[in-house]
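The exercises below are to be worked with the sequence and the coordinates at hand. Each task is followed by a solution in steps.

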Amino acid sequence: MSNPLLERVLPAEAADRSQVFDYKGKVGDFDRLVGILEADLGTLEETDRPRGWRAAPVEIRLDFAWANAGRDIPSVTGRVEARLAVVCQRCLAAFDLQVETSFSLLFQAPDEDATEFAGLADFDVWELEAETVRPVDLVEELLIMAMPLAPMHKAQESCGILPIAEEDNGSETVRPFADLRSQMEKMNS
Ligand SMILES: [Zn+2]
């Protein structure tokens, strides 16, 4: 069975057919992304490393269309959602990070002038390296761009405490005031 992520798409042809790419892949389909995640997870003790994260689903929806009335600028809009195993930069424990990204991209051919895209400011430009594009390359780049530079647990409770962290003392002293303020607001309301 061939993987549709690896099929080469001609943007103009896909736009002409209003092609929809609706697919559930897995993290392991994206080699470069796996390499980035592995590099971080590799810093953990073997026993602390999560298992099975390469099989986590990646939900992909791509809609190809013409961006302009003249029907000569192909575009893709869509959404990608994935659960990635990352290392929290605050407590240095692994956790699952939910990454979602929505996008509108114009395809720019290597010899094309970007000034033709005037008036299409709602789109970002995807520079084609060849005539065709593979969903795997597109989705991988979008996922990598959507990843935070320093991923951290969202909830304070789930984040482990660093044993010695001078900076943390500063933020600790701030928090009671925030709590006090919200308590006062509650009392006053
Ligand atoms: Zn954490």
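The pLDDT is the predictor's confidence in each residue, on a scale from 0 to 100. It applies here since the model is a predicted one.

**Exercise 1. Confidence**

Task: State the mean pLDDT of the protein chain, and determine in which elements confidence is lowest and highest.

Solution. 
Step 1. For the protein chain the mean pLDDT is 87, and 84% of the residues reach 70 or more.
Step 2. Confidence is lowest in helix 4 (residues 166-188), where the mean is 52, and highest in strand 2, where it is 98.
Step 3. Residues 168-177 have a pLDDT below 50, and beyond near neighbours in sequence this stretch makes one contact in the model.
Step 4. Where pLDDT is low, the predicted coordinates should not be read in detail.

**Exercise 2. Overall architecture**

Task: Give the number of helices and strands in the protein chain, and describe the order in which they run.

Solution. 
Step 1. The protein chain contains four helices and five strands.
Step 2. Read from the N terminus, the order of the elements is α-β-α-β-β-β-β-α-α.
Step 3. Of the 189 residues in the protein chain, 21% count as buried.
Step 4. When contacts between residues at least 6 apart in sequence are considered, 67% of them join residues at least 24 apart.

**Exercise 3. The largest nonpolar core**

Task: Identify the residues of the largest nonpolar core that touch the most other members, and find which element gives the most to this core.

Solution. 
Step 1. The core has 33 residues, and those touching the most other members are Val 27, Val 80, Ala 82, Leu 84, Leu 106, Val 139 and Leu 143.
Step 2. Two or more residues each come from helix 1 (11-16), helix 2 (31-41), strand 2 (57-66), strand 3 (74-87), strand 4 (94-108) and helix 3 (135-146).
Step 3. Strand 3 gives the most to this core, namely seven residues.
Step 4. As a general background, nonpolar side chains tend to be buried together in soluble globular proteins.

**Exercise 4. Surroundings of individual residues**

Solution. 
Step 1. A residue is buried with 20 or more other C-beta atoms within 10 Å of its own, exposed with 12 or fewer, and partly exposed in between.
Step 2. Lys 26 lies in strand 1 (residues 20-26). Beyond residues up to four places away in sequence, Lys 26 touches Arg 54, Ala 55, Ala 56, Pro 57 and Val 58. Its C-alpha atom is 5.4 Å from that of Ala 55, although Lys 26 and Ala 55 are 29 residues apart along the chain.
Step 3. Ala 65 belongs to strand 2.
Step 4. Ala 130 sits in the loop between strand 5 (124-127) and helix 3.

**Exercise 5. Positive phi values**

Task: Locate Arg 71 and Leu 92, and state the phi of each.

Solution. 
Step 1. Most residues other than glycine have a negative phi.
Step 2. Arg 71, in the loop between strand 2 and strand 3, has a positive phi near 50°. Arg 71 counts as exposed, with 12 C-beta neighbours inside 10 Å.
Step 3. Leu 92, in the loop between strand 3 and strand 4, has a positive phi near 60°. Leu 92 counts as partly exposed, with 13 C-beta neighbours inside 10 Å.

Definitions and conventions
Residues numbered from 1 in each chain as written. Predicted model: local features only at pLDDT ≥ 70, side-chain atom pairs only at ≥ 80, totals over all residues. Contact = placed C-beta atoms within 7 Å. Core = buried A, V, L, I, M, F, W, Y, C linked by C-beta atoms within 7 Å.
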